[in-house]
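Reader: I am new to protein models and would like to learn how to read one. Could you take me through the features step by step?

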Amino acid sequence: MAVYTLRRLVQAALILLGVSLVTFALLFILPADPVRQIAGRTASAQTVANIRAQLGLDQPFLVQYLRYLGNLLQGDLGRSYLQRSQVSELIVSRLPASLLLMAAGIACELAIGLTMGLVAAVRRGSATDHALMVGSFVGVSAPQFVVGLLLLYVFGVKIGWFPIGGYGTWRHLVLPALTLGILGAGWYSRMMRSSMIDVLRQDYIRTARAKGLPRAAILFRHALPNAILPVVAMIGIDIGIFIGGIVVVESVFGWPGIGQLAWQAIQRVDIPIIMGVTLVSALAIVLGNLMADLVAPFIDPRIRLK
């Protein structure tokens, strides 16, 4: 276990290095000029050149990247061009809101998706199965802003059960978490259905049925722990996606997470914030996958990490 974990951590470091290089290169060749955003449209050419020199943006790509990498190894994500604050402080201030929304969104995904997948697998080939799979397809295909605005209109404006935006109470959390749950549940339901159908064909399930075990015991004690393993891996991926990829949902509901911070930085070409959020998201994906792999043997003791 220790050797496996160490090797995965080394691989994670290399992945993060690659992500930083690719992201930095893409931002370097970006047509938009961050210096113009800072100086303003009416600034003179001399003012623009002075700002560019102060920020080190007049240096070659390799010099800029190595300087950024050296600061990154010291835990310095840089300073925002426009907000004049440390990127690490901005991310840390927004991270609790994103983590809360991530946890609630994944909980909704699992509650909806696993239930749909389990019911569809048990009633394979029936009208219920077809209806649930059509519903899952619609869920994964629907745009985030459409689902979010629809929930806002129905439950926020028409019925008035929940606030239409903001942050601070559980009532503010329900609609954005439900939006993420509806959108992601389709993937979990389809994965759960496929995995459960495969498990229900195994010999040990037939043996359990021959022994006369109750149907609930067969499903939840013998089939579910084995069928849920692919879902655990999906959760690890979702952690990283939710950390940096819920820009639309946070914008629709006015949720002050790092997704909204990233969107504001993209609009203003604030490169240090874009780099910081990208690296934090990549780190979350890598650690999420590692956690999923480490948890798998505890769910199924037959799995061994090599």
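Predicted model: local features only at pLDDT ≥ 70, side-chain atom pairs only at ≥ 80, totals over all residues.

Reader: How many helices and strands are in the chain?

Author: Helices (H or I, at least four residues) and strands (E, at least two) are DSSP runs, numbered from the N terminus. This chain has 14 helices and zero strands. Its C-alpha trace spans about 85 × 55 × 30 Å along the principal axes.

Reader: What share of the residues in the chain is buried?

Author: Buried means under 20% relative accessible area, exposed means over 50%, and partly exposed is in between (1.4 Å probe, protein chains only). Of the 306 residues in the chain, 41% are buried.

Reader: Is alanine 127 buried or exposed?

Author: Alanine 127, in helix H6 (residues 127-141), counts as exposed because its relative accessibility is 63%.

Reader: Which residue is 57 residues apart from arginine 190 along the chain, with C-alpha atoms separated by 7.1 Å?

Author: That is methionine 133. Arginine 190 itself belongs to helix H8 (residues 170-200) and is partly exposed, because its relative accessibility is 40%. You can look at asparagine 289 in the same way: this residue sits in helix H14, and at 23% relative accessibility it counts as partly exposed.

Reader: Which residues make the nonpolar surface patch of about 380 Å²?

Author: Like charges are joined within 9 Å, and nonpolar side chains (Val, Leu, Ile, Met, Phe, Trp, Tyr) within 5 Å. Accessible areas come from the Shrake-Rupley method with a 1.4 Å probe, and for residues only the protein chains shown count as cover. Here the patch is made by Leu6, Val10, Leu14 and Leu17. Valine 10 lies in helix H1 (residues 2-28) and is partly exposed, with a relative accessible area of 47%.

Reader: What is the volume of the largest pocket, and what lines it?

Author: Rolling a probe the size of a water molecule over the atoms shows where empty space is left. On a 1 Å grid over the protein atoms alone, a cavity is a set of points where a 1.4 Å probe fits but cannot get out, while a pocket is an open set with protein on both sides within 12 Å along at least five of seven lines; lining residues have an atom within 4 Å of a point. Grid points are joined across faces, edges and corners, and a volume is the space filled by probe spheres set on the points. The largest pocket has a volume of about 560 Å³. It is lined by 24 residues, of which Leu55, Leu57, Arg67, Tyr81 and Pro272 are the closest to its centre. Helix H4 gives the most to this lining, with four residues.

Reader: And which residues line the largest cavity?

Author: They are Gln83, Leu261, Gln264, Ala265, Arg268, Asp270 and Ile273. About 30 Å³ of space lies in this cavity.

Conventions
Residues numbered from 1 in each chain as written. Heavy atoms only, no water. Patch = residues over 30% accessible without salt bridge, like charges linked within 9 Å, V, L, I, M, F, W, Y side chains within 5 Å. Salt bridge = Lys/Arg side-chain N within 4 Å of Asp/Glu carboxyl O.
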